[in-house]
Amino acid sequence: MTQAQWAIGTQLQRGDGADPENFATVAKINNISGPNFSLDIDDTTDLDSAGGWEEVIPTILRSGEVALDLSFLPDNTSQLGLIEDMFGRVLRNFQMIFPDTAATTWAFSAYVVGFELDVPTESKLGASVTLKITGQPTIAGVSV
């Protein structure tokens with residue numbers, strides 16, 4: 001039997017900044033892409049590099065972005081809060097909760113850096129939202 005996990009039930013929650021912090025689910029997300037982690041490298045090849053092979057060292061870990069595809073609800077506070085965060089340049093805590101039995105959670109701080117509305121004649125209202133992660137995320141099961 002496959003161990004693949006169905007994505008239905010995955011939630012992205014936005015923190016309110018209180019202490020203790022409360023999280024509310026962002027409504028009507030159709031798709032989440034990211035985060036897209038990467039590691040920069042610096043070329044350290046020099047005239048003494050053995051056999052003329054390139055040599056590199058790891059440098060900055062990049063946290064990447066999270067992209068959301070929403071069914072836009074013009075009066076929904078969880079969606080409008082994302083626009084307010086962007087306009088106010090607010091750093092917000094987010095958590096992605098997966099639908100496994102352990103409710104595995106990934107947590108990160110991010111700025112909303114993009115909000116694009118889509119109003120097609122042949123379909124539903126939509127929006128694309130981009131979150132830029134800053135700092136080290138907390139990935140369940142991954143120790144650093």
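Q: Lys and Arg count as positive and Asp and Glu as negative, while His and the chain ends are not counted; how many positive and negative side chains does the chain have on that basis?
A: This is a predicted model, in which local features need pLDDT of at least 70 and side-chain atom pairs count only at pLDDT 80 or more, whereas totals for chains, interfaces and linings use all residues. Residues are numbered from 1 along each chain as its sequence is written, and side-chain values use heavy atoms, with hydrogens and water left out. The chain has 7 positive and 19 negative side chains, and the centres of the two sets lie 11 Å apart, each charge being placed at NZ of Lys, CZ of Arg, CG of Asp or CD of Glu.

Q: Why is the pair of Phe-37 and Trp-106 called tilted?
A: Rings of Phe, Tyr and Trp (its six-membered ring) pair if their centres lie within 6.5 Å, and planes under 30 degrees apart count as stacked, over 60 as edge-to-face and the rest as tilted. For Phe-37 and Trp-106 the centres are 6.4 Å apart and the planes are at 35°, which makes this pair tilted. Phe-37 lies in the loop between β3 (29-33) and β4 (38-43) and Trp-106 in strand β8 (residues 105-118), so the pair ties together parts 69 residues apart in sequence.

Q: What makes the pair of Phe-94 and Phe-108 stacked?
A: The ring centres of Phe-94 and Phe-108 are 5.8 Å apart and their planes are at 20°, so the pair is stacked. Phe-94 lies in strand β7 (residues 92-97) and Phe-108 in strand β8, so this pair ties together parts that are 14 residues apart in sequence.

Q: How do you know whether Phe-37 is buried, exposed or partly exposed?
A: Buried means under 20% relative accessible area, exposed over 50% and partly exposed in between (1.4 Å probe, protein chains only). Phe-37 has 41% relative accessibility and therefore counts as partly exposed, and Trp-106, at 23%, is partly exposed, whereas both Phe-94 and Phe-108 are buried.

Terms used:
Lys, Arg positive; Asp, Glu negative; His and termini not counted. Helix = DSSP H or I, 4+ residues; strand = E, 2+ residues; numbered from the N terminus.
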